[in-house]
Amino acid sequence: MRYNQIPNSLFIKNRNNFTARMKANTLAILTSNDVKHNNADDIMGFTQNNDLFYLCGIDQEETLLVLYPDAIKKENREILFVKETNEQIKIWDGDKLTKEQATKISGIKRVEWIQDFEKVLQLMAFEADGIYLGHNEHIKRVTHNQQTQQDRMILWCKEKYPLHEYHRAAKITRDLRLIKSEEEIALIQQAANISVESFKRVLKACKPNMKEYELEAELSYNLIKSGATRHAFKPIVASGKNACALHYNTNDAVCKSGDMILLDFGVCYANYNSDTTRCFPVNGRFTERQKEVYSAVLHCLKEGSKLLKPGVLSSDYETQMAKLVETELIKLGLLKAEDVANQNPEKPMYKKYFMHGTAHHIGLDVHDVGLYSRALEPGMVLTCEPGIYIPEEGIGCRLENDYLITKDGNINLTEAMPIEINEIEALMNSLS
């Protein structure tokens with residue numbers, strides 16, 4: 001793996017927290033993700049199932065985890081199943097984890113080969129009254145017309161053991177994963193640190209008439225050089241009017257002098273993610289109008305981030321953030337105060353220029369799992385990302401930081417990333 005090995009004490013603690021919430025005399029089965037193919041024999045790359053990783057730290061395909069805390073035999077309470085290597089696999093793909101290595105990473109003493117899973121499970125399944133299974137229950141996206149390894153495990157278990165009670169593993173992990181441990185915070189901070197240096201590299205490289213993808217390449221270079229696993233998501237390098245498309249990421253336009261670039265990117269380090277957005281002028285100098293819009297968004301970020309503190313509900317935070325942006329839109333001359341005062345509350349006028357939410361949980365997923373009906377608590381990590389988009393002026397501006405909620409408020413994990421207008425212009429126009 002590219003990242004330093006995570007102490008297995010983290011995964012032991014996570015498993016203890018998970019099994020403490022399981023119903024009596026039940027077992028849990030967590031599966032790895034599929035390896036996704038594109039064309040012929042090439043693959044898209046492997047990304048681990050985050051619930052599985054959270055509980056054992058294994059970052060390898062064809063992995064299964066079985067937890068049975070009430071098992072009579074102690075050796076049956078935690079069992080990890082991994083892919084057995086052979087000479088052909090070694091020649092073509094390199095080594096896979098040995099049982100000893102899997103134990104060192106996960107802290108699980110009993111490790112078996114995955115081909116023995118059904119035989120081993122058979123000995124425990126009829127002893128258990130119920131089974132916890134994982135499934136993609138992410139609230140932001142749907143997996144329409146996709147069958148995953150988790151889907152296949154659900155179908156197989158219900159056919160094999162139709163009279164067992166079934167429970168949702170995600171109901172437990174969505175609660176546990178919201179509160180980050182010290183080890184997890186350190187990993188998110190490392191991802192953020194790589195992001196900071198990547199952004200500085202982009203600022204120094206940016207010149208008029210470059211293609212957006214050339215700046216994406218600067219991000220990729222520093223990301224790989226720094227030992228990150230991958231981009232947290234496909235980066236958005238949107239110049240001029242492209243910045244008004246929220247998820248623009250073709251990144252193939254020419255960056256023209258006089259335009260501003262919106263750069264929304266994240267780093268995945270040890271499967272933990274950062275998510276940041278900055279805006280900067282192609283030629284190194286903001287126009288007066290760009291300064292006005294940028295300063296308005298920066299004001300919303302600074303004031304809005306103060307709202308991220310224990311006890312706050314996401315819905316209340318978003319309402320107050322919308323008010324902040326609405327006020328700035330009036331100051332920018334985009335909305336009239338009297339019109340806003342008389343607007344239809346069901347169709348607020350600010351949505352013409354600001355149409356998205358501004359805070360999401362972040363961790364093993366960029367948009368991390370968890371219920372937004374739950375008030376903020378210390379240990380949660382969230383983004384704050386207000387924006388203003390003016391297509392008729394060719395200006396789109398969004399600014400985003402990552403914040404750790406503490407008992408006293410929050411800590412900006414991306415504070416080192418330049419954000420003030422004078423900082424950005426100074427870096428872009430320095431000779432070094």
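# Working chat on strands, cores and salt bridges

Reader: Where does I388 lie?

Author: I388 lies in strand β16, which covers residues 387–390. The model discussed here is a predicted one.

Reader: Is I388 buried or exposed?

Author: I388 is buried, and its relative accessible area is 0%.

Reader: Which residues is I388 in contact with, leaving aside neighbours within four places in sequence?

Author: With those neighbours left aside, the contacts of I388 include V293, A296 and V297, as well as V325, E328, L329, L332 and L334. Y353, I395, G396 and C397 are also in contact with I388.

Reader: Which residues have the most contacts inside the largest nonpolar core?

Author: They are L215, F280, Y294 and I388, in a core of 65 residues. Helix α10, residues 288–305, supplies the largest share of this core, with seven residues. Another core, of 44 residues, lies apart from it, and V267, L364, L404 and L413 are among its members.

Reader: How many Å separate the C-alpha atoms of I388 and L10?

Author: The separation is 40 Å between the C-alpha atoms of I388 and L10, and the two residues are 378 residues apart along the chain.

Reader: Turning to sheets, what is the strand order in the open sheet of three strands?

Author: The order is β15-β18-β19, and the pairing is antiparallel. From one strand to the next, the twist averages 40 degrees.

Reader: How many bridges join β15 to β18?

Author: Four bridges join β15 to β18, the latter being residues 401–406, and the two strands run antiparallel. Within this pairing, L382 is placed opposite Y403 in β18.

Reader: What about β5, and why is it described as largely enclosed?

Author: Strand β5 spans residues 78–82, and four of its five residues are buried, so the rest of the structure largely encloses it.

Reader: In which sense does β5 pair with β4, and in which with β6?

Author: With β4, residues 64–67, strand β5 pairs in the antiparallel sense over four bridges. There, L67 stands opposite E78 of β5. With β6, residues 110–113, strand β5 pairs in the parallel sense, again over four bridges. In that pairing V82 stands opposite W113 of β6.

Reader: Now the charged side chains. How many salt bridges does a search of the whole structure find?

Author: The search finds 31 salt bridges. Side chains of opposite charge can pair when their charged atoms come close.

Reader: Which residue does R285 meet in a salt bridge?

Author: The side chain of R285 meets that of E425, at 3.6 Å from N to O. R285 is in the loop between β14 (276–281) and α10, while E425 is in helix α13 (residues 421–428), so this pair ties together parts that are 140 residues apart in sequence.

Reader: What does E112 do, and why does it count as buried?

Author: The side chain of E112 meets that of R110 in a salt bridge, 2.9 Å from N to O. E112 counts as buried because its relative accessibility is 18%, and the cut-off for buried is under 20%.

Reader: Which residues are linked in a network of salt bridges?

Author: D51, R177, K180, D365 and D368 are linked in such a network.

Reader: Last topic: at what angle do the axes of α1 and α4 cross?

Author: The axes of α1 (residues 8–20) and α4 (residues 99–106) cross at roughly 75 degrees and come within 6 Å. Helix α1 is therefore roughly perpendicular to α4.

Reader: Which residues meet there?

Author: From α1, N8, F11, I12 and R15 meet T103, K104, I105 and S106 of α4.

Technical notes. Residues numbered from 1 in each chain as written. Predicted model: local features only at pLDDT ≥ 70, side-chain atom pairs only at ≥ 80, totals over all residues. Heavy atoms only, no water. Pairing = 2+ DSSP bridges. Axes fitted to C-alpha atoms, helices over the stretch in contact; angles between N-to-C directions. Core = buried A, V, L, I, M, F, W, Y, C linked by side-chain atoms within 4.5 Å. Buried < 20%, exposed > 50% of the residue type's maximum accessible area, 1.4 Å probe, protein only. Salt bridge = Lys/Arg side-chain N within 4 Å of Asp/Glu carboxyl O. Parallel < 35°, antiparallel > 145°, perpendicular 65-115°, else oblique. Contact = heavy atoms within 4.5 Å.
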